[in-house]
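This briefing covers a single protein chain, shown below. The notes that follow are grouped by topic.

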Amino acid sequence: KGCGECILHLTGGICPVARCAKSLLNGPCGGTNNGKCEIGSDKDCGWVLIYNKMEQLGTLDKFKEIISPKNYSKAGNIRSMDLRK
């Protein structure tokens with residue numbers, strides 16, 4: 001989503017801002033049902049996907065790390081993002 005503070009290294013390569021319907025940064029909301037999002041039963045819960053991927057990668061130790069709130073002032077228009085930094 002181009003938020004300006006990528007945390008993919010903490011979430012198994014799956015972006016919680018993009019994959020979670022509520023863009024939660026520190027785990028699921030508690031409304032999941034059999035791995036599906038409470039927003040719609042056809043949508044996978046982003047945090048279940050993250051947990052499963054991290055389990056597969058053997059990086060569940062990072063799952064317990066608290067992720068600070070994002071500073072969206074760092075976000076830019078995706079068409080003008082400078083990836084050289």
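A residue is called buried when its relative accessible area is under 20%, exposed when that area is over 50%, and partly exposed in between. Cys-15, with a relative accessible area of 21%, is therefore partly exposed. The model is a predicted one. Its 85 residues include 25% that are buried.

**Fold and confidence**

- The protein contains two helices and two strands, and these elements follow the order α-β-β-α from the N terminus.
- The mean pLDDT of the protein is 84, and 85% of the residues score at least 70.
- Among the elements, helix H2 (residues 46–57) has the highest mean pLDDT, at 95, whereas strand S2 (residues 40–44) has the lowest, at 87.
- Of the contacts between residues at least 6 apart in sequence, 53% join residues at least 24 apart.

**Nonpolar cores and Trp-47**

- Six residues form the largest nonpolar core: Ile-14, Cys-20, Cys-45, Trp-47, Ile-50 and Met-54.
- Another core, of five residues, lies apart from the largest one and has Ile-7, Leu-10, Leu-25 and Ile-67 among its members.
- Which residues does Trp-47 touch, not counting those up to four places away in sequence? They are Thr-11, Pro-16, Cys-20, Leu-24, Leu-25, Asn-26, Gly-27, Pro-28 and Phe-63.

- Thr-11 is located in the segment before H1. Thr-11 counts as buried because its relative accessibility is 1%, under the 20% limit.
- The side chain of Thr-11 reaches the backbone oxygen of Ile-7 at 3.3 Å.
- Leaving out residues up to four places away in sequence, Thr-11 touches Pro-16, Trp-47, Ile-50, Met-54 and Ile-67.
- Phe-63 belongs to the segment after H2. With a relative accessibility of 27%, Phe-63 counts as partly exposed.
- With residues up to four places away in sequence again set aside, Phe-63 touches Trp-47, Ile-50, Tyr-51 and Met-54.
- Phe-63 and Ile-50 are 13 residues apart along the chain, and their C-alpha atoms are separated by 8.7 Å.

**Salt bridges**

- Side chains of opposite charge can pair when their charged atoms come close. How many salt bridges does the structure hold? The structure holds two.
- Glu-38 is partly exposed at 43% relative accessibility, and Lys-22 is partly exposed at 41%.
- A salt bridge also joins the side chains of Asp-44 and Lys-36, at 2.6 Å, N to O.
- Asp-44 has a relative accessible area of 31% and is partly exposed; Lys-36, at 28%, counts as partly exposed too.

**Cysteines**

- A search of the whole structure finds zero disulfides.
- Cys-37 is in no disulfide, and the nearest cysteine sulfur, that of Cys-29, is 6.4 Å away.
- Is Cys-37 buried or exposed? At 14% relative accessibility, Cys-37 counts as buried.

**Positive phi angles**

- Most residues other than glycine have a negative phi.
- Ser-23 is not a glycine, yet its phi is positive, at about 55°. Ser-23 lies in the loop between helix H1 (16–19) and strand S1 (36–37).
- A relative accessible area of 25% makes Ser-23 partly exposed.
- Asn-34 also has a positive phi, near 55°, in a residue other than glycine, and its place is in the loop between H1 and S1.
- Asn-34 is exposed because its relative accessible area, 75%, is over the 50% limit.

Methods. Residues are numbered from 1 along each chain as its sequence is written. This is a predicted model: local features need pLDDT of at least 70, side-chain atom pairs count only at pLDDT 80 or more; totals for chains, interfaces and linings use all residues. Side-chain values use heavy atoms; hydrogens and water are left out. A nonpolar core is a set of buried Ala, Val, Leu, Ile, Met, Phe, Trp, Tyr and Cys residues joined through side-chain atoms within 4.5 Å. Buried means under 20% relative accessible area, exposed over 50%, partly exposed in between (1.4 Å probe, protein chains only). Contact means heavy atoms within 4.5 Å. pLDDT is the predictor's confidence in each residue, from 0 to 100. Helices (H or I, at least four residues) and strands (E, at least two) are DSSP runs, numbered from the N terminus. A polar contact is a pair of N or O atoms within 3.5 Å; within protein, one must be able to donate a hydrogen and the other to accept it, and residues adjacent in sequence count only if both atoms are side-chain atoms. A salt bridge is a side-chain nitrogen of Lys or Arg within 4 Å of a carboxyl oxygen of Asp or Glu. A disulfide is a pair of cysteine sulfur atoms within 2.5 Å.
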